Amino acid sequence: MSKYNALWKYVQKNGSQSFKLTFEEIQEIAGIPIDHSFLNYKKELTGYGYQVGKISMKEQTVIFNKVD
């Protein structure tokens, strides 16, 4: 079980083609702060029908895109 499972399930339930979450929102959903390990875990998201798009350190946001 991944430490980001709660986030992946949230993303899957969203259903939007593409959407953005802030680091703060991700922390609230996942129950843990986003850290550098997120880059290793993000590949798990494809199993939920999504992929991580742009990660902006400046804006502190992550874009999630539905996989067709």
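Trainee: Why does W8 count as buried?

Mentor: In this predicted model, W8 has a relative accessibility of 0%. Buried means under 20%, so W8 counts as buried.

Trainee: What makes Y4 count as buried?

Mentor: The relative accessibility of Y4 is 0%. That value is set against the cut-off of under 20%, and Y4 therefore counts as buried.

Trainee: Why is the pair of Y4 and W8 called tilted?

Mentor: Planes under 30 degrees apart count as stacked and those over 60 as edge-to-face, the rest being tilted. The angle for Y4 and W8 is 40°, so the pair is tilted.

Trainee: Why is the pair of Y4 and F38 called edge-to-face?

Mentor: The planes of Y4 and F38 stand at 80°, with ring centres 5.2 Å apart. An angle over 60 degrees counts as edge-to-face, so this pair is edge-to-face. The pair links distant parts of the chain: Y4 belongs to the segment before α1, F38 to helix α3, and 34 residues separate them. F38 counts as buried because its relative accessibility is 2%. Ring pairs also join Y4, W8, F38 and Y41 into a cluster.

Trainee: How do you know whether the radius of gyration agrees with that of a compact globule?

Mentor: For 68 residues, a compact globule would have a radius near 11 Å; the protein has 11 Å, so the two agree.

Notes:
Residues numbered from 1 in each chain as written. Predicted model: local features only at pLDDT ≥ 70, side-chain atom pairs only at ≥ 80, totals over all residues. Heavy atoms only, no water. Rg over C-alpha atoms; globule rule 2.2 N^0.38 Å. Phe/Tyr/Trp six-rings, centres within 6.5 Å; stacked < 30°, edge-to-face > 60°. Buried < 20%, exposed > 50% of the residue type's maximum accessible area, 1.4 Å probe, protein only. Helix = DSSP H or I, 4+ residues; strand = E, 2+ residues; numbered from the N terminus.
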